[in-house]
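Me: Hi! I'd like to talk through a protein model with you. Could you have a look at it with me?

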Amino acid sequence: MRVEGLFQALEAGMKARPPRPFELPGRTLREAAVLLPLFERDGVPYVVFTRRPAHLRTHAGQYAFPGGGQEARDVTPLETALRETEEELGIARGGVRVLGQLDETPTTSAYRIRPYVGVIPGDGRYVPNPTEVDLVLEVPLVRLMDPAIVRVERHAWEGLEHDVHFYTHGEHVIWGATARILRNFLLLVAEVPGVQALLDAPPPSGI
């Protein structure tokens with residue numbers, strides 16, 4: 001399987017499986033959307049994360065996907081995700097090939113996130129907004145699929161216990177809502193026929 005075949009299979013899979021909505025009885029959640037960016041470089045699929053600067057009031061220093069709260073000017077949640085990606089990373093909206101949407105995900109700060117998956121150019125020409133991003137992290141998909149980098153803890157939220165996943169890549173630890181979105185995405189990847197051959201390919205040097 002080639003990377004383009006993976007992208008096409010993911011697109012078909014999300015089209016065939018409508019995203020599950022999330023509701024929290026008795027709570028009004030604010031709307032947000034993010035983009036899970038994918039790209040191919042030298043025959044290898046990557047996922048892109050950003051790290052939030054330490055000065056931010058919420059989720060400072062945490063890893064995230066580009067995105068944010070829905071604004072009045074955004075006609076759709078997808079427009080929110082694409083606008084925020086352009087503002088945070090300098091990736092033009094027209095340069096994103098949207099593959100589909102994953103299940104809605106809540107945050108402890110009372111947001112309901114609609115995550116979209118999209119393919120971006122693989123040239124690495126980001127223009128990070130320093131007020132929102134202090135690091136752009138590219139991680140090979142094969143690395144994220146490695147169970148050895150994942151640990152799970154039990155945390156309480158809204159009176160209920162749930163699993164919290166942590167993905168450790170070198171010095172970088174991805175957790176929280178970003179990890180929940182990532183996990184849903186990786187479960188979808190694992191269902192793609194023939195994907196194991198892609199995962200078993202030798203990784204690029206230096207990762």
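Me: Thanks! Where is Asp42 found?

Reply: Asp42 sits in the loop between β1 and β2; strands here are DSSP E runs of at least two residues and helices are H or I runs of at least four, numbered from the N terminus. This is a predicted model, where local features need pLDDT of at least 70, side-chain atom pairs count only at pLDDT 80 or more, and totals for chains, interfaces and linings use all residues. Residues are numbered from 1 along each chain as its sequence is written, and side-chain values use heavy atoms, leaving out hydrogens and water.

Me: Is Asp42 buried or exposed?

Reply: Asp42 counts as exposed because its relative accessibility is 75%. Exposed means over 50% relative accessible area, buried under 20%, and partly exposed in between, with a 1.4 Å probe and protein chains only. Its phi is near 55°, a positive value in a residue other than glycine.

Me: And what about Ala110, where is that found?

Reply: Ala110 is in the loop between β6 (105-106) and β7. Its phi is positive too, about 70°, although it is not a glycine. Ala110 counts as buried, at 12% relative accessibility.

Me: New topic: which residues touch the most other members of the largest nonpolar core?

Reply: Leu10, Leu36, Leu38, Val47, Phe49 and Phe185 do, out of 37 residues. Such a core is a set of buried Ala, Val, Leu, Ile, Met, Phe, Trp, Tyr and Cys residues joined through side-chain atoms within 4.5 Å.

Me: Which helix supplies the largest share of this core?

Reply: That's α4, with eight residues.
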